[in-house]
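Morning, everyone. Please bring the structure up on your screens, and we will walk through it together.

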Amino acid sequence: EANIIKCHFAACSTNLVETKKFGISDENVFEFWNWVGGWFSVCSCIGVLPLSLTYGFDLANKFLEGAYSIDKHYLEKADEPTKNIPLIMSLVAFFHVHICGY
(Lines give C-alpha, C1' and ligand atoms only; values in the text may rest on other atoms or scores of the structure.)
Protein backbone atom coordinates (compact mmCIF):
# COMPACT_ATOMS: atom_id res chain seq x y z
CA GLU A 1 0.00 0.00 0.00
CA ALA A 2 2.76 2.49 0.88
CA ASN A 3 4.45 1.78 -2.44
CA ILE A 4 1.19 2.54 -4.28
CA ILE A 5 0.94 5.91 -2.54
CA LYS A 6 4.62 6.65 -3.11
CA CYS A 7 4.40 5.85 -6.82
CA HIS A 8 0.95 7.22 -7.70
CA PHE A 9 0.19 10.17 -5.44
CA ALA A 10 1.28 13.80 -5.42
CA ALA A 11 0.32 16.57 -3.02
CA CYS A 12 0.20 20.32 -2.71
CA SER A 13 1.19 21.13 0.85
CA THR A 14 3.35 23.18 3.19
CA ASN A 15 3.55 20.27 5.62
CA LEU A 16 6.22 17.86 4.39
CA VAL A 17 6.14 15.96 7.68
CA GLU A 18 2.48 15.00 7.22
CA THR A 19 2.79 14.24 3.52
CA LYS A 20 5.74 11.98 4.29
CA LYS A 21 3.75 10.24 7.06
CA PHE A 22 0.96 9.68 4.55
CA GLY A 23 3.49 8.06 2.22
CA ILE A 24 4.04 10.76 -0.38
CA SER A 25 7.68 11.33 -1.32
CA ASP A 26 9.06 14.85 -0.90
CA GLU A 27 9.82 15.02 -4.63
CA ASN A 28 6.09 14.48 -5.31
CA VAL A 29 5.02 17.41 -3.14
CA PHE A 30 4.31 20.74 -4.77
CA GLU A 31 5.06 23.19 -2.00
CA PHE A 32 3.42 26.58 -1.71
CA TRP A 33 3.67 29.56 0.58
CA ASN A 34 2.63 28.94 4.18
CA TRP A 35 0.70 32.22 4.23
CA VAL A 36 -1.83 31.00 1.63
CA GLY A 37 -4.03 29.61 4.39
CA GLY A 38 -7.28 27.71 4.08
CA TRP A 39 -8.85 29.76 1.29
CA PHE A 40 -6.90 28.56 -1.71
CA SER A 41 -7.05 30.75 -4.77
CA VAL A 42 -7.51 29.06 -8.11
CA CYS A 43 -4.70 31.32 -9.33
CA SER A 44 -2.22 29.96 -6.79
CA CYS A 45 -0.29 26.74 -7.30
CA ILE A 46 -3.04 24.97 -5.32
CA GLY A 47 -5.58 25.72 -8.03
CA VAL A 48 -3.40 26.01 -11.12
CA LEU A 49 -1.66 22.66 -10.68
CA PRO A 50 -4.84 20.53 -10.97
CA LEU A 51 -6.16 22.89 -13.65
CA SER A 52 -3.01 22.46 -15.73
CA LEU A 53 -2.86 18.70 -15.19
CA THR A 54 -6.51 18.34 -16.21
CA TYR A 55 -6.72 20.76 -19.13
CA GLY A 56 -3.08 21.29 -20.11
CA PHE A 57 -0.48 23.91 -19.42
CA ASP A 58 -1.39 26.08 -22.42
CA LEU A 59 -4.98 26.50 -21.22
CA ALA A 60 -3.87 27.06 -17.62
CA ASN A 61 -1.52 29.79 -18.85
CA LYS A 62 -4.36 31.43 -20.81
CA PHE A 63 -6.48 31.29 -17.64
CA LEU A 64 -3.73 33.07 -15.68
CA GLU A 65 -3.38 35.66 -18.46
CA GLY A 66 -7.12 36.31 -18.19
CA ALA A 67 -6.87 36.69 -14.42
CA TYR A 68 -3.98 39.12 -14.89
CA SER A 69 -6.00 41.16 -17.39
CA ILE A 70 -8.93 41.51 -14.96
CA ASP A 71 -6.48 42.54 -12.20
CA LYS A 72 -5.15 45.24 -14.52
CA HIS A 73 -8.71 46.32 -15.37
CA TYR A 74 -9.51 46.64 -11.67
CA LEU A 75 -6.51 48.93 -11.13
CA GLU A 76 -7.08 50.95 -14.30
CA LYS A 77 -10.73 51.61 -13.38
CA ALA A 78 -10.09 52.26 -9.68
CA ASP A 79 -11.26 55.87 -10.05
CA GLU A 80 -14.33 54.86 -12.10
CA PRO A 81 -16.38 52.54 -9.85
CA THR A 82 -19.32 52.36 -12.27
CA LYS A 83 -16.99 50.90 -14.94
CA ASN A 84 -14.99 48.63 -12.62
CA ILE A 85 -16.24 45.12 -13.43
CA PRO A 86 -14.59 43.25 -10.51
CA LEU A 87 -15.89 45.86 -8.06
CA ILE A 88 -19.41 45.64 -9.47
CA MET A 89 -19.34 41.82 -9.39
CA SER A 90 -18.15 41.90 -5.76
CA LEU A 91 -20.92 44.27 -4.75
CA VAL A 92 -23.54 42.15 -6.51
CA ALA A 93 -22.22 39.02 -4.75
CA PHE A 94 -22.26 40.83 -1.39
CA PHE A 95 -25.84 42.00 -2.03
CA HIS A 96 -26.99 38.49 -2.99
CA VAL A 97 -25.37 36.80 0.02
CA HIS A 98 -25.81 39.35 2.81
CA ILE A 99 -28.96 41.20 1.80
CA CYS A 100 -30.98 38.65 -0.18
CA GLY A 101 -29.70 35.60 1.69
CA TYR A 102 -28.95 33.56 -1.44
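Predicted model: local features only at pLDDT ≥ 70, side-chain atom pairs only at ≥ 80, totals over all residues.

Start with helix α3, residues 45-55, and helix α4, residues 57-76. Their axes come within 7 Å and cross at roughly 135°. Angles over 145 degrees would count as roughly antiparallel, and 65 to 115 as roughly perpendicular. So α3 and α4 are oblique to each other. What makes the contact? From α3, it is Val48, Leu51, Ser52, Leu53 and Tyr55. From α4, it is Phe57, Leu59, Ala60, Phe63 and Leu64. By class, that contact has nine nonpolar residues, one polar and no charged ones.

Stay on α4, and find His73. Is His73 buried or exposed? Its relative accessibility is 16%, so it counts as buried. Beyond its neighbours within four places in sequence, His73 touches Lys83, Asn84, Ile85 and Pro86.

Now, charges. Side chains of opposite charge can pair when their charged atoms come close. The structure holds four salt bridges. One joins Lys21 and Glu18, at 3.0 Å from N to O. These two sit three residues apart in helix α2, so about one helical turn separates them. Lys21 counts as exposed, at 62% relative accessibility. Glu18 is partly exposed, at 40%.

Next, look at Glu80. Glu80 forms a salt bridge with Lys77, with the closest N and O atoms 3.8 Å apart. Glu80 also forms one with Lys83, at 3.6 Å. That links Lys77, Glu80 and Lys83 in a network. Glu80 is partly exposed, at 27%, and Lys77 is partly exposed too, at 25%.

Terms used. Residues numbered from 1 in each chain as written. Heavy atoms only, no water. Axes fitted to C-alpha atoms, helices over the stretch in contact; angles between N-to-C directions. Helix = DSSP H or I, 4+ residues; strand = E, 2+ residues; numbered from the N terminus. Parallel < 35°, antiparallel > 145°, perpendicular 65-115°, else oblique. Contact = heavy atoms within 4.5 Å. Nonpolar A, V, L, I, M, F, W, Y, C, P; charged D, E, K, R; others polar. Buried < 20%, exposed > 50% of the residue type's maximum accessible area, 1.4 Å probe, protein only. Salt bridge = Lys/Arg side-chain N within 4 Å of Asp/Glu carboxyl O.
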